Each structure stands twice: as structure tokens, then as C-alpha cells.
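Please find below a colleague's note on the two-chain entry under discussion. The points are meant to be read beside the coordinates.

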Amino acid sequence: MTEHRPLTQAELEANAQAFARVIERERATDVHAVLARVGSSWFAVPAARVLRVTRAVAPHRIPHRTHRALRGLANIDGEVAIVMDLASLCGFGWSPSGTGAARMIVVGERGAAWAFEADEVPGTVAGSAQDLLAAPLTVAASGAGFTKHLMPCATGHAGILDVDALLAACAEAVRA
Amino acid sequence: MSLGGFSMFDLYKAEAEQHGRALSDGLVALESATDPKLVEPLMRAAHSIKGAARIVGFEQVVTLAHAMEDCLVRLQRAQEPIVPARVDQLLKGTDLLVQSAQVAEADVPAWNAAHADAIAQLAAQLQQPAAASAPVSDAPRSAADILMTAPAQVAPSAVAGPGTTEPSQPPAGSSTSAAVTTSSSAAPPAVPPSSTVAQPVHAAPNAPATTKPVVGESSVMVRSRNLDRLMRLSGEGMVEARRLEAMQVRLRAIRTRERALEDLFDRRRQQQDVSDLDLEQAHAAIRGEVALLEADLQAHLRRTEELSTTLHHEAIDCRMRPFGDACLTIPRTVRDLARSLDKDATARLEGQSVSVDRDILRKLEAPLTHLVRNALDHGIESRAERAASGKRAQATLRVSAVHQAGMLVVEVADDGRGIDLARLRTRIVERNLSTPELVARMSDREVTDFLFLPGFSTAKTVTDLSGRGVGLDVVQTTVHEVGGSVEVHTELGRGTTFRMRLPVTLSVLRAAIVSIAGEPYALPLARMERIDRLDHHTLEHVEGRLTARVNDEVIGLVRGGALLGLPGDAEGGTLAVVSLRARQRTLGVIVDGFLGEEDVVVQPLDERLGTVPHVSSASVRQSGELVLILDADAMAIDAARRLDEGTLRGAAAGSEDAGRRVHRVLVVEDSLTVREVERQMLTRAGYRVDVAVDGLDGWNALQRERYDLVLSDVDMPRMNGLELVRRIRADGRLTHLPVVMVSYKDRDEDRLAGLEAGATAYLTKGAFHDRTLLDTVADLIAASAG
């Protein structure tokens with residue numbers, strides 16, 4: 001059995017550097033998000049909050065509920081989710097094309113999921129917090145307030161959604 | 001200190017609850033049997049609680065349990081007789097023991113301090129001879145006391161009391177004239193509520209209102225047998241799923257053989273030496289494999305179906321609890337109440353092991369308690385009255401449950417004085433609820449139904465317990481809520497039976513699936529009168545409103561979409577009408593169509609939505625499609641109210657409806673898929689859409705109905721789109737009707753041909769994928785209207 005011996009200073013430094021590299025590498029991609037296009041706008045939904053991305057199903061409207069952002073209820077992989085219109089919540093016009101939206105992003109918690117329709121969900125992006133841009137004034141100040149930062153992506157920039165703020169707005173909309 | 005995740009205190013709680021219940025049940029049994037042999041288990045229960053309480057430092061419980069144990073020892077040795085006053089004291093002690101099991105560990109010192117006096121007093125009484133220790137003020141649970149803890153309200157009188165001295169009543173002693181009040185002179189007299197409440201035991205701070213533990217939603221008790229079966233079935237499910245792998249292997253073999261056959265064909269085409277026999281052999285091999293695969297697949301399908309059905313039933317069974325769970329407190333309630341009313345009654349429970357859905361069981365408790373109180377207060381006579389009418393001294397209250405024809409039937413029956421129906425009829429007339437002539441013609445069943453009306457009471461004397469005209473209506477409301485019914489059977493002088501019919505489970509219900517405004521909804525069959533398919537032309541117009549003749553009755557119609565606040569009601573040749581009934585009026589709801597009858601598994605509606613009017617729950621159909629389950633009662637009542645208010649209008653004979661002009665679009669398209677896409681798109685955008693399968697069909701529709709826009713394909717059988725447009729433009733009434741042509745043909749000459757024929761706009765089918773189509777439709781309708 002090998003005997004324990006104290007580490008030399010050089011070994012300690014080497015270890016410290018090795019750890020630091022891991023941290024640096026993590027910092028380089030500390031923002032993970034799922035990209036989604038709604039109309040001509042690109043959104044980045046923090047990956048940790050996304051439950052799943054699925055094929056879109058036509059939502060069932062809810063009687064007596066007329067809020068523009070509330071699309072209805074849908075059975076998504078055996079679970080009933082409330083389907084919301086992200087565009088309406090953000091205040092821009094969009095309607096799913098004739099055959100309905102292509103994809104749905106399911107966000108929130110199991111048993112209390114929110115689904116958002118999107119024209120396409122090409123995948124995830126990862127980036128560093130340092131690369132994020134502040135959202136322009138027209139978006140951050142006069143918009144719905146769900147986007148505080150922009151993230152570079154292949155098509156330009158995607159607005160990183162503040163999921164908590166978005167879900168709070170959803171919760172308000174469904175009771176209206 | 002903890003034992004496998006349970007603290008010592010948790011163990012104490014479990015023990016106190018278990019032995020407390022044993023004490024409570026045992027004491028009630030002991031009182032009627034007065035058999036010292038029944039005492040021993042009670043002694044052991046008290047002893048166990050004492051030991052457990054000592055470990056967790058519950059001093060007052062130790063004192064109390066010790067005094068109770070001593071007292072029980074004397075009863076067992078027959079050193080003193082078993083008398084009701086003594087049983088009262090022991091039950092009071094038991095209540096405190098059970099209550100202690102509800103205390104949080106941190107609150108034990110406070111509980112000890114708060115209850116020290118009461119327990120010292122009770123312990124002293126338990127040491128004294130029984131007779132001396134039963135002072136008047138010590139009646140432990142007077143009627144008023146029970147009333148304080150009774151859920152919501154008390155039951156009304158269902159019975160004409162003997163005090164009314166109807167000629168038909170048997171002669172009774174004069175002392176029975178006030179039998180239903182609590183002021184009877186017999187011992188022990190009930191005390192006024194104030195003095196009861198003032199007693200230290202009942203004034204204890206933070207004392208839970210009931211001794212029943214609050215069951216959280218997060219955990220439910222499931223019989224281990226159920227769980228075992230579920231495990232076994234899910235295991236079988238896994239095995240079945242693996243069989244698919246074997247089938248896949250077989251399928252691959254077929255593929256290989258099929259390729260071999262293809263090779264043979266190729267070689268034969270190239271004139272090589274392949275005989276017919278070779279081909280036949282190769283084909284036979286494939287056929288053999290396919291047959292095997294088919295057999296495998298069929299067996300698999302059958303097994304999977306059986307398995308999933310069994311699994312589903314088993315899962316439902318997990319929701320079941322024995323009916324006895326709802327009856328735990330009944331013997332005690334009967335005993336205490338009878339004693340406080342100076343009546344002699346005993347409870348007989350039947351069908352305790354009958355399985356009941358736990359949701360129904362929970363809802364059943366309040367109505368059961370109401371009916372038990374009602375029976376004791378009004379149904380069961382005083383001792384004197386029973387003696388005078390030659391009945392057995394002790395009255396029996398039977399509470400039973402049985403499964404009958406797929407329903408759970410729960411009965412609360414007493415052998416008391418019964419309901420005087422003649423007096424009930426008089427009362428109905430006195431209350432101006434009906435005319436004497438009508439009441440005389442009513443059946444007994446119809447007459448007893450009045451008992452369930454809110455505010456209806458036959459009791460002349462308002463007692464503390466009942467006769468205030470509330471209660472039975474609450475019973476009925478609760479029973480209706482779960483989709484059940486309640487009725488009364490009574491025989492004067494012999495007794496009264498309340499019979500509740502309830503669904504066995506709330507988790508599955510039989511429903512009609514209908515389409516309203518283009519989407520599926522489920523209507524529980526038990527809650528609707530009927531569905532009729534009616535032809536549009538058989539409808540009659542009254543003041544411009546549609547009416548239908550259903551079952552020899554002319555009923556008014558409302559559109560389902562208008563009632564649910566959804567645009568997009570379909571309108572066409574045949575329509576389905578669902579008849580609902582509320583407040584003696586029948587209402588027809590026009591739905592787009594009747595899609596079939598299904599068992600739907602009820603899922604609660606998402607809590608985040610709050611209450612959605614007319615929708616009770618949701619379900620997922622076998623196709624995976626979501627349906628909303630409608631509350632037919634609420635719809636009918638609400639529709640009647642809104643029609644009265646004028647906020648909902650009956651379906652109009654013309655296209656105009658519900659106050660808002662809904663634009664109508666005719667979709668003419670021979671492809672089913674494209675037609676459906678267009679219909680759904682436009683319906684969702686708020687248009688009322690009719691469809692036609694080709695130009696001729698479309699032309700016929702235009703002769704019958706008026707539309708705001710036509711959306712037409714170009715290439716169609718019988719009459720193409722260009723011909724249709726030409727006809728439209730040639731017709732004087734339709735000259736200005738906007739027509740949008742939609743085609744796959746996107747060449748300029750095609751576009752030109754369409755516009756030359758008279759189309760207002762020409763779009764390619766790619767227009768589905770963005771707003772172009774909807775925008776065009778909206779613009780053109782707006783332009784032609786303006």
C-alpha cells in the first residue's frame with residue numbers, strides 16, 4: 001500500500017491550475033438556452049427551465065376565457081399543459097400558420113407546466129455571460145419586460161427570456 | 001431519538017390514535033352489552049397509551065390514562081356496575097387522549113398546562129363511585145354541544161311530531177308532547193349551550209375542532225394487496241413490451257426474404273434461369289413469416305389490451321376505501337345524541353367493507369351525519385312514545401352500503417315514527433308551494449321530494465338540532481355534486497329510510513362526446529336528458545328564434561358556442577341538439593355534432609385556471625386528444641338565467657346570432673385535408689364555416705345560404721373553381737360576393753385565369769403557412785361590408 005506523502009508546492013500549483021481551467025471552461029459557457037423562433041423574433045429560453053420540446057398539438061380553447069395570450073389546454077405527452085401565446089404576451093402579432101405551430105416548448109414545473117408555441121426550435125445555444133448584450137431600450141423599457149439581455153446566436157441575437165417574469169404574466173393572464 | 005425515520009413522538013401519536021379509537025368503539029359496545037368481559041381490551045388500550053405517554057413526557061395523559069385504567073379494572077372485577085354516566089366519563093377521557101395525539105411535540109408542555117385542571121377533575125370523578133360523579137352539569141356531550149361541532153347546519157324535521165296530535169297518530173302519553181325538544185324532564189337533562197361551552201375541557205386553547213386527523217393530499221393509504229397486483233401487472237406490461245422486440249426480428253427476416261424475392265424478379269427480368277417454382281417458394285416463405293408475425297401481433301394486441309384494462313381497474317381500485325371508514329363516528333354519535341335526547345337508540349352498520357371511491361367517501365361523511373342526526377331527532381320516538389305504540393324499547397338506526405347495478409346505494413334507515421304524508425301535503429299547500437289539487441295528485445315520491453327544498457321544514461317546534469329548514473337540501477346538493485340522487489321511503493309508524501344512490505367512482509364516467517365550435521367536449525350521460533340529430537329544415541321559427549320539437553315538447557335552442565362564449569359554431573344541414581333540464585324547463589343546446597359515447601377518465605382542471613364556468617374537469621381521449629368535461633347542470637341553469645337577463649339569446653333563424661354578427665365563409669375544396677385545415681383556421685379566427693366538397697356542392701350551398709366570402713379550390717371534380725366563380729358572377733344576388741381562389745398552381749397564367757373568371761383574389765396554398773390567407777379573408781369581408 002502506498003504511503004501518504006505531503007504534496008509538493010509544485011504539485012499543489014499544478015492542481016490549482018487544473019481546477020482553474022475547469023472553472024474557466026465552465027465560465028465560457030455559463031448560459032445555456034433553448035432557441036426558439038416565434039414569427040420573426042428569436043427567443044432564448046434558459047435551458048434549466050425547459051421541461052421538454054415537443055411536436056405542437058392544437059390547443060383546446062377554454063370556454064369563457066378570452067385573454068388573447070391564452071391559447072387553451074393541450075395534452076402534451078400525457079400531461080395537460082396550459083398553452084400560451086408568447087407573441088401576445090410580448091405584445092406583437094403572430095398566429096400559427098395554417099397547419100398550426102410546429103413546435104412547443106414546455107416550461108415550468110411538472111404538473112404545472114406552461115407550453116408555448118413556436119415556428120421552429122432548432123436547438124440549444126451556450127454562451128458566456130460576458131458575451132451577453134443588454135436589451136435595447138425599446139425592448140427592455142417599453143416592451144413586456146421579459147427580455148433583459150440578448151444572446152448572440154447563428155441568426156443574430158436572441159432575447160433571453162426572464163422565465164419567472166414570463167410565468168407570472170401567464171398566471172395573471174389565465175385568470176383574466 | 002428516531003426509529004427508522006419516525007420520532008418517538010410520531011409513534012406515540014400513532015399509538016394514541018389507534019388505542020383511542022379502540023377505546024371509543026369498545027366503550028360504546030360495553031355500554032349496550034354491560035359485559036365485564038369486554039373490558040379487558042379497553043384496559044390494555046389505556047395501559048398502552050399510559051406507557052407511551054410516559055416516554056414522551058405527556059404527564060397529563062399519564063395521569064388520565066392511569067385513572068381510566070383503574071376505573072376499568074373496577075368495572076372488570078364487577079366492583080361497580082357499568083352505567084351510562086361512567087361510560088360518559090370514560091368517553092370524555094378517551095376524547096382527551098385522542099386529542100393529545102393531534103398536539104405538536106413542541107406544544108406538549110402548553111397542552112399539559114392547559115389541561116391540568118380538567119384532567120385532575122376528570123381523574124377525581126373516575127375515582128369516585130359513578131352515581132355520585134354524574135352531576136347534572138357534567139353531561140359530556142349535550143345536544144347543544146354536538147351542535148357546536150356539527151358541520152355547517154342542522155337537518156330540518158322530516159317528520160310530523162306526535163305533538164301535533166293528528167287524529168291518525170297513535171295515542172301517546174302526555175309527557176311525549178315535547179319529545180323532539182331537549183327540555184324533556186327525564187334525566188339527564190341537556191344543558192344550555194353556554195354552560196357546556198364554558199366547561200374547561202371544551203374551552204381548551206388550540207384544541208382541534210375534531211379528533212379526526214387531517215389527511216394530506218400527498219399521501220394516501222393503499223391496501224398492500226392492491227400495490228402487489230399493480231406491481232405484478234406493470235411487470236407483465238414490461239414483458240409484453242419486450243415481445244415487440246421479437247416481432248421486430250421477425251419483421252427483419254421478412255425484409256430479407258423480400259429482398260431475395262426482388263433479386264429473383266430482377267434475374268428473371270434479365271432472362272436468367274429463374275423458374276416459377278423458385279418464385280413461388282420465395283413467396284411462400286414470406287407468406288409464412290407474415291402469417292407468424294400476424295399471429296404474434298394479434299396475441300400481443302389482445303394481451304396488451306387485457307393487461308392495460310386490468311391495470312386501469314387496479315389503479316382505480318387503489319382509490320377505493322371501505323365504506324366503514326365513513327362510519328367510524330356513527331355509533332358514538334348515535335349513542336351520545338340518543339342519550340342527550342333521552343332516547344334509546346343503537347346503530348347497526350352494514351356493508352362496512354363495500355369499496356367506495358375515496359373522494360365520494362369524503363363527500364359522504366357530512367350527508368351521513370346529517371341523516372343520522374335527523375333520524376335521531378325526528379324519526380326515532382321517545383322512550384314513552386315507543387312504549388305506548390308497543391315497539392321494542394331500543395330503536396335501531398341502520399346505516400348500510402351495497403353495490404347495486406353499478407351504483408353505490410347507501411341507506412340510513414330508522415324504525416321510528418315515519419313521515420306523515422298527509423300532513424306533509426297540507427304543509428306544501430300552506431307554504432304555497434303548490435295547489436291542493438296538484439298536491440292531491442302527486443305521488444308519495446313527488447311529495448317527499450319537497451323535503452329537500454331549501455328552507456322547507458315540517459317541524460312545528462324549532463329545536464336546537466333541527467327544524468330550521470336547512471340540512472336535507474344540503475344532503476341533496478352534496479349528493480348531486482357527485483352525480484348521485486337521494487330519495488325517501490317512509491311508512492307511518494314503522495320508520496323512514498333515506499336512500500342515496502352514488503357513482504362507485506368519480507374517476508371514470510360515461511359521457512357523450514360532442515363537438516362545440518369545432519372542439520370536442522364530454523357531457524356526462526347521467527346529467528343530460530337526451531341527444532337528437534335534427535335536420536335543419538325540421539326546425540321551426542318562433543319570433544325568429546329556432547325551436548325544435550323534441551319528445552312532444554317544443555324547446556328553445558341556444559348555440560353551444562354562444563353559451564360557452566366561443567366563436568365558431570358550425571351551421572349546416574344536420575345538427576345535434578342536447579337537451580338539458582333545469583328548473584322544470586328543458587333547453588336545447590345546438591352542438592356541431594355528436595362524436596360518440598366514451599368512458600372518460602376524469603382529471604381535475606388545472607388549478608391555475610381557477611373556476612371555469614360550465615367546465616368541471618378535463619380528460620384525455622384514447623386518441624390523445626384533450627376534451628373538457630362540461631357541467632350540464634350549471635350550463636342549463638346558467639343558460640336559463642342569462643336568457644332571462646337578456647345576456648344570451650336563443651339561436652336565431654338567420655345567420656345573425658347572439659347579438660354579434662359572425663361572418664360566414666363557404667370553403668369549397670375536394671381534398672379532405674386541405675378542407676379541414678382551412679375550416680379549422682377560419683373557425684379559430686372566429687368565422688362560421690361551412691364546407692362543400694366540389695364546385696357543384698358549393699353552388700348548391702350558395703343557393704341555400706348567404707355567405708360573406710367563398711374560399712375555393714381551382715381543380716375539382718364535377719364543377720371546377722373557375723366555373724363556380726363564373727356562375728357566382730353571373731348570379732345577380734352574388735355579383736359582389738368576394739371569392740378567394742386557393743391553388744397549388746402558382747404560374748402567372750393560372751393566376752390570370754382565376755382572376756379573369758371573376759375571383760377577387762388568387763392565393764397559392766403556401767398562403768396557409770403565414771397570415772396571408774387570414775388577412776386576405778379579413779380584408780375582403782371588411783371591404784365588401786363597407
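The numbered points below take up the sheets, the helix packing and the contact between the chains.

1. The structure is a predicted model. The remarks that follow should be read with that in mind.

2. The open sheet of chain A. In chain A, 5 strands form an open sheet in the order β3-β6-β7-β5-β4, and their pairing is mixed. The edge positions are taken by β3 (50-55) and β4 (70-76) of chain A; each has a single partner strand, so one side of each lacks a neighbour in the sheet. From one strand to the next, the twist averages 30 degrees.

3. Strand β4(A) runs antiparallel to β5 (residues 79-84) of chain A, and 6 bridges join the two. Within this pairing, A:Ile82 in β5(A) stands opposite A:Leu73.

4. The helix on the chain A sheet. Helix α4 of chain A, residues 163-175, lies across β4, β5, β6 (103-109) and β7 (112-118) of that chain. Its direction is at about 100 degrees to β7(A).

5. The open sheet of chain B. A sheet of 5 strands in chain B is likewise described as open, with the order β4-β6-β7-β9-β8 and mixed pairing. Here β4 (345-350) and β8 (485-491) of chain B are the edge strands; each is paired with a single strand, so one side of each is left without a neighbour in the sheet. Neighbouring strands of this sheet are turned against each other by 15 degrees on average, direction ignored.

6. Pairings inside that sheet. Strands β6 (residues 395-404) and β7 (residues 407-414) of chain B are antiparallel and pair over 8 bridges. B:Met500 in β9(B) is the residue opposite B:Val486. The strands β8(B) and β9(B) form a hairpin with 3 residues between them, and B:Gly493 in this hairpin has a positive phi near 85 degrees.

7. A further strand group in chain B. Strand β10 (residues 508-516) of chain B is joined by 8 bridges to β18 (residues 593-601) of chain B, the two running antiparallel. B:Leu509 has B:Val600 in β18(B) as its bridge partner. Strand β10(B) also runs antiparallel to β11 (residues 519-524) of chain B, with 6 bridges between them. A hairpin is formed by β10(B) and β11(B), with 2 residues between the strands; in the turn, B:Ala517 takes a positive phi of about 50 degrees.

8. Helices α4 and α10 of chain B. Helix α10 (residues 330-340) of chain B lies across β4 and β6 of chain B and runs at about 165 degrees to β4(B). How do α4(B) and α10(B) cross? The axes of α4 (residues 84-100) of chain B and α10(B) come within 12 Å and cross at roughly 130 degrees. The two helices are therefore oblique to each other, and the crossing is left-handed. On the α4(B) side, the contact includes B:Asp88 and B:Asp95, and on the α10(B) side B:Arg332, B:Arg335 and B:Arg339. By class, this contact has 4 nonpolar, no polar and 6 charged residues.

9. Helices α21 and α22 of chain B. The axes of α21 (residues 721-730) and α22 (residues 748-757) of chain B come within 8 Å and cross at roughly 25 degrees. That angle makes α21(B) roughly parallel to α22(B). From α21(B), B:Leu722, B:Val725, B:Arg726 and B:Arg729 meet B:Ala753, B:Gly754 and B:Ala757 of α22(B). The residues of this contact divide into 4 nonpolar, 1 polar and 2 charged.

10. The contact between the chains. How many residues of chain A are in contact with chain B? There are 22 residues of chain A in contact with 35 residues of chain B. The area buried between the two chains is about 2,500 Å², and carbon and sulfur atoms give 57% of it. On the chain A side, A:His60, A:Arg61 and A:His64 lose the most area to chain B, together 31% of what that side buries.

Terms used. Residues numbered from 1 in each chain as written. Chains lettered and ligands numbered in written order. Predicted model: local features only at pLDDT ≥ 70, side-chain atom pairs only at ≥ 80, totals over all residues. Heavy atoms only, no water. Pairing = 2+ DSSP bridges. Helix = DSSP H or I, 4+ residues; strand = E, 2+ residues; numbered from the N terminus. Axes fitted to C-alpha atoms, helices over the stretch in contact; angles between N-to-C directions. Contact = heavy atoms within 4.5 Å. Parallel < 35°, antiparallel > 145°, perpendicular 65-115°, else oblique. Left-handed = near helix turned anticlockwise from the far one by under 90°. Nonpolar A, V, L, I, M, F, W, Y, C, P; charged D, E, K, R; others polar. Buried area = accessible area lost by both parts, 1.4 Å probe.
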